[in-house]
Structure formats: C-alpha cells, structure tokens
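Here are some notes to read alongside the structure, written for someone meeting a fold like this in a first course. Take the points in order and keep the picture open as you go.

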Amino acid sequence: MEPKDRIIVALDVDRPERAIELVQQLAPHVGCFKLGLEFMNAMLVRLATYAWEPSQNDLRALQRLFVELDDRIFWDGKFMDIPNTVAGASKPVAGLGIRMFNVHCLGGSEMMKAALAAAEEMKIISPTGMRPLVIGVTILTSLDFSDLVELGIMKHLDIQDRDELHQAIRSRTETCVLNLACLAQEAGLDGVIASPQEIWPIRKFCQAGFKIVTPGVRPAWAEANDQKRVMTPGEAVKAGADYLVIGRPITKAENPVDAAKRIADEIADSKKG
Ligand code: C5P
C-alpha cells in the first residue's frame, strides 16, 4: 500500500458541492473519503425538504458526488440495532461497491455477523465484485472511564493513590477495547476503529491482517482542535495503524493538497525509520 492510500479524509461538510470540490482536489493524493452521519443526515433532510420543489439541484449534486468518489468511500454509519435491521442497513451500502463501512461492536456478535453476511451477499451486485471491509467501532473515544462506570460496563474503582488509579483506569479501558476488538475478530469482521492509544495492544493481540483504522491523528504542524489524545500520522502508522482518518488538518488547510502530501510524506518517512 502506498503511503497516501492510508489516508482517509473525513468529509465533514454539509454541502455536496463542497464535498465534490474536495474530492476532485484530493483524489490523486489520498486513499479514501469518509462520509459520516452528519453529512448523510444533512443530505437526506435536504432531499426530503426539496422533494416537492421543481429544483432537484441537491439531488443532482449528491449523485455527482458518488460518481466522483467512485468506490473510495468509507461509509461511517456506525450501525447498531437488532441483527435483522443492521443486515437491512448494510445491504444497500455494501451493494454500492464501497471500500468499507462500520458497525458498533457493542451491538454483539450476532449483529456483527449479520452485517458481514449482508455485505457478502451483496458481492454479486457490487460494481467492484468485492465486499466492503466491515469495521467494528469499539468504545467511542468520547467516552471516558466514568462514562463506562455510569453505563455499567465497568465497576467503580476504590483506589486512593492517584497514579495507581490512573494506571488501573488505563489498563481496564484498554482491556475493554481489546475484548471488543477480539469479539469483532471472532465474528469475522475485518478490523476495528481504534484511538491512537489502543493501536498497540490490538496490533499485539489480534491476528495479522486485522485492520486498524485510527482517528485523532494530528500532524505536528496542525491544530489539535477538539481531539484530546492525538498522535502524529508517523507515530500512528509506526504503532500499527493501517488507515488514518483525518479531517480538518486537510479539509480546513489553506492548501488541502499540500497538507495531504505532507502527511503522505510523513507516513513514508515513518516507514523508513
Ligand atoms: O477533523 P478531524 O481530523 O478531527 O476528524 C476526525 C473524524 O473522525 C471526524 O469525522 C470524527 O467524527 C471521526 N471520529 C473521531 N473519533 C472517533 C470516531 C470517529 O474523531 N473515535
């Protein structure tokens, strides 16, 4: 895989025209483009709202966007529902011939297997003739240990010493993420989304070839924005990430193409070292 192919650009924009612009500029310099819930919902609501209007501009722009993207799509729909519904949601998406889509590991083994089976089934109609990678979301990086206690996933820790408590929290969170990654692997999923901190244990304990997709990546020259536990692209790839999801450092850069090229160079350098 070329360094640029590891870059997945998060298209967190709310207009298809802006998304098309970014795709046209960046397509030669990155691997994939991520469409998330924000974008999908904004589009659907726009289309629904304009459904009775004679102008179909949004619809046309949206269709053009998919032509521009071709198969280089990460459909970040984070499916989680009963297995039958997740299978139903996975089928049309898999039939598009995209590269990857994701489901929550917390939806359970049966649900993950249902998504995988649906993707497999749609291979026959997919323009690529292949099924997309099915990727599991472990624990959302926006949740910390106290949230996991609140949810009943973790038990409250009665440890007084601050360092000891910090260490225990970190290792328990890591174990929880690792358990979910192993469950995803057993269900047959192709990989997981993992924060930079979780790359190493997953790489160590999951089988070779199990994909790790990592958001929260920030080059040293970019602002962290609201991302808290960040790693540089070079560090993340060195730690074992296969794909890096990067949004604002590229899409909000003065020159998005230069930003993508710099990131690809940094990935290439990390592979040399
Ligand atoms: O702009 P930025 O590089 O922070 O964008 C990161 C992308 O990855 C966003 O689309 C965000 O929703 C997504 N993401 C994340 N952290 C997760 C899961 C997804 O930042 N744990």
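Predicted model: local features only at pLDDT ≥ 70, side-chain atom pairs only at ≥ 80, totals over all residues.

1. Now pick out one pair of neighbours. Strand β5 covers residues 133-137 and strand β6 covers residues 191-193; the two pair in the parallel sense over three bridges.

2. A pair of packed helices is described by two things, the angle between their axes and the distance between the axes. For α4 and helix α5 (residues 109-121), the angle is about 30° and the axes are 8 Å apart. Angles under 35 degrees count as roughly parallel, so α4 is roughly parallel to α5. The crossing of α4 past α5 is right-handed.

3. Which residues of α4 and α5 meet? From α4 come P83, V86, A87, S90, K91 and A94, and from α5 come E110, M111, A114, A115, A118, A119 and E121. Sorted by class, this contact of α4 with α5 has nine nonpolar residues, one polar and three charged.

4. Here is another helix pair to set beside that one. Helix α2 (residues 37-50) and helix α3 (residues 57-69) pack at an angle of about 145°, and their axes are 9 Å apart. On the α2 side the contact is made by F39, M43, R46, L47 and Y50, and on the α3 side by D58, L59, L62 and L65. By class, the contact of α2 with α3 has seven nonpolar, no polar and two charged residues.

5. Finally, step back to the whole chain. How many helices and strands does the protein chain have? There are 11 helices and eight strands. The C-alpha atoms fill a box of roughly 65 × 45 × 35 Å along the principal axes. A compact globule with 273 residues would have a radius of gyration near 19 Å, and the protein chain, at 19 Å, agrees with that.

Note on methods:
Residues numbered from 1 in each chain as written. Heavy atoms only, no water. Pairing = 2+ DSSP bridges. Helix = DSSP H or I, 4+ residues; strand = E, 2+ residues; numbered from the N terminus. Axes fitted to C-alpha atoms, helices over the stretch in contact; angles between N-to-C directions. Parallel < 35°, antiparallel > 145°, perpendicular 65-115°, else oblique. Left-handed = near helix turned anticlockwise from the far one by under 90°. Contact = heavy atoms within 4.5 Å. Nonpolar A, V, L, I, M, F, W, Y, C, P; charged D, E, K, R; others polar. Rg over C-alpha atoms; globule rule 2.2 N^0.38 Å.
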